[in-house]
Amino acid sequence: MASEKSLVAVTCTAPVNIAVIKYWGKRDEELILPINSSLSVTLHQDQLKTTTTAVISKDFTKDQIWLNGREEDVGQPRIQACLREIRRLARKRRSADDKDTPPLSLSYKVHVASVNNFPTAAGLASSAAGYACLAYALAQVYGVESDLSEVARRGSGSACRSLYGGFVEWQMGERADGKDSIARQVAPELHWPELRVLILVVSAEKKSTGSTVGMQTSVKTSPLLRFRAEAVVPARLAEMICCIKERDFQGFGQLTMKDSNQFHATCLDTYPPISYLNDISRRIIHLVHCFNTYHGQTKVAYTFDAGPNAVIFTLDDTVAEFVAAVRHSFPPESNGDKFVKGLPVKPALLSDELKAALSVDPTPSGIKYIIATQVGPGPQILDDPHAHLLGPDGLPKPVA
């Protein structure tokens with residue numbers, strides 16, 4: 001067993017982020033540099049988070065990693081890229097100022113354990129939270145204090161956006177080495193306290209076309225993707241930042257839906273075409289537009305990443321009525337009391353006029369459940385040693 005002095009353990013949590021101006025396509029596959037800038041909303045970790053423990057010890061003989069209780073291949077190129085980059089930054093800091101660094105050798109191997117409290121690879125940005133958490137935890141154990149955008153980005157591009165709370169832009173950058181392709185906070189988590197997020201979980205199954213392969217095919221075959229990156233996104237991004245700063249939900253909601261639709265249009269423009277949405281996803285889109293038309297304004301907005309699950313943005317005074325509309329359109333069969341998870345949502349009655357306006361044939365169990373959440377902070381360090389996922393021997397603790 002590793003002696004106490006020869007071991008450093010840190011446990012962190014990191015959030016999921018949902019892009020409202022989408023990232024799709026890379027200009028450099030190895031450095032993970034995007035063909036356009038993107039902008040996301042960081043979700044609250046009370047509902048969705050990755051927890052990661054990193055332990056370094058002179059007694060470890062090799063790097064090891066466990067994800068959701070299962071040991072994974074630490075030799076995966078993206079995991080290796082993160083480890084190489086964090087160790088490079090640690091060596092750089094060590095050589096710059098020898099006095100402030102902990103007396104721990106950079107040759108120490110690391111053990112990492114990571115768990116998500118939400119479905120992995122189901123279009124819920126699990127890789128973003130996972131690699132942001134990995135980068136943040138590794139930085140703590142190796143004493144790295146510099147910007148971690150590059151470390152997180154080497155694992156999963158959108159992970160750099162999960163390094164901050166609130167509203168975050170990932171700047172595409174122009175340099176070939178990617179040093180200017182970094183995340184920056186546009187507005188802090190408490191900037192828009194009324195904003196709420198509802199995740200409508202349609203499917204928790206792994207998607208048939210992964211994001212990496214999908215992006216590569218789109219970049220090669222979709223003329224619409226290139227047009228989007230060059231002619232649409234720059235102005236749309238600037239407009240979105242204005243809407244966020246001014247807390248203009250009408251503008252924010254419409255841009256969010258338009259950008260989601262265009263992203264999925266580029267997927268259909270890809271050859272062979274990629275379809276991440278399913279029939280339930282399209283029914284949700286229809287529901288949102290009927291709901292907004294009834295109210296004569298944009299009260300709710302959808303966005304879909306590379307999967308069928310819908311992320312709905314709205315304001316706190318609309319949540320109850322829209323959740324009631326979802327229940328009406330997609331009646332839960334058996335889990336009615338557990339249909340809404342996360343933030344409490346008060347029951348609401350729908351008027352007969354709104355029911356008629358929704359003009360949908362109910363689809364029982366079309367939506368498995370809803371996660372109600374809000375804008376949240378960036379990565380957090382957990383000080384409680386009981387929170388560690390790895391024991392003093394560097395192995396996963398038995399599940400209680």
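Predicted model: local features only at pLDDT ≥ 70, side-chain atom pairs only at ≥ 80, totals over all residues.
Residues are numbered from 1 along each chain as its sequence is written, and side-chain values use heavy atoms, with hydrogens and water left out.

Let me start with the helices. Two packed helices are described by the angle between their axes and the distance between the axes. Helices here are DSSP runs of H or I with at least four residues, and strands are runs of E with at least two, both numbered from the N terminus. The axes of helix 7, residues 279-295, and helix 8, residues 319-329, come within 11 Å and cross at roughly 130°; such axes are lines fitted to C-alpha atoms, for helices over the stretch in contact, and angles run from 0 to 180 degrees between N-to-C directions. Helix 7 and helix 8 are therefore oblique to each other, since angles under 35 degrees count as roughly parallel, over 145 as roughly antiparallel, 65 to 115 as roughly perpendicular and the rest as oblique.

Which residues of helix 7 meet helix 8? They are Leu287, Val288, Phe291 and His295, and on the helix 8 side they meet Glu321, Phe322, Ala325, Val326 and Ser329, where contact means heavy atoms within 4.5 Å.

Now to the salt bridges, each being a side-chain nitrogen of Lys or Arg within 4 Å of a carboxyl oxygen of Asp or Glu. By this rule the count comes to twelve salt bridges.

One of them joins aspartate 63 to arginine 87, with the closest N and O atoms 2.9 Å apart. This pair links distant parts of the chain, 24 residues apart, with aspartate 63 in the loop between strand 6 (49-57) and strand 7 (64-67) and arginine 87 in helix 1, residues 77-96. Are these two residues buried or exposed? Aspartate 63 counts as buried at 13% relative accessibility, and arginine 87 counts as buried at 14%; buried means under 20% relative accessible area, exposed over 50%, and partly exposed in between, with a 1.4 Å probe and protein chains only.

Another salt bridge joins glutamate 85 and arginine 88, at 2.5 Å from N to O, and both residues lie in helix 1, three residues apart, about one turn of the helix. Glutamate 85 is buried at 7%, whereas arginine 88 is partly exposed at 30%.

Finally, Arg228, Arg236 and Asp259 are linked in a network of salt bridges.
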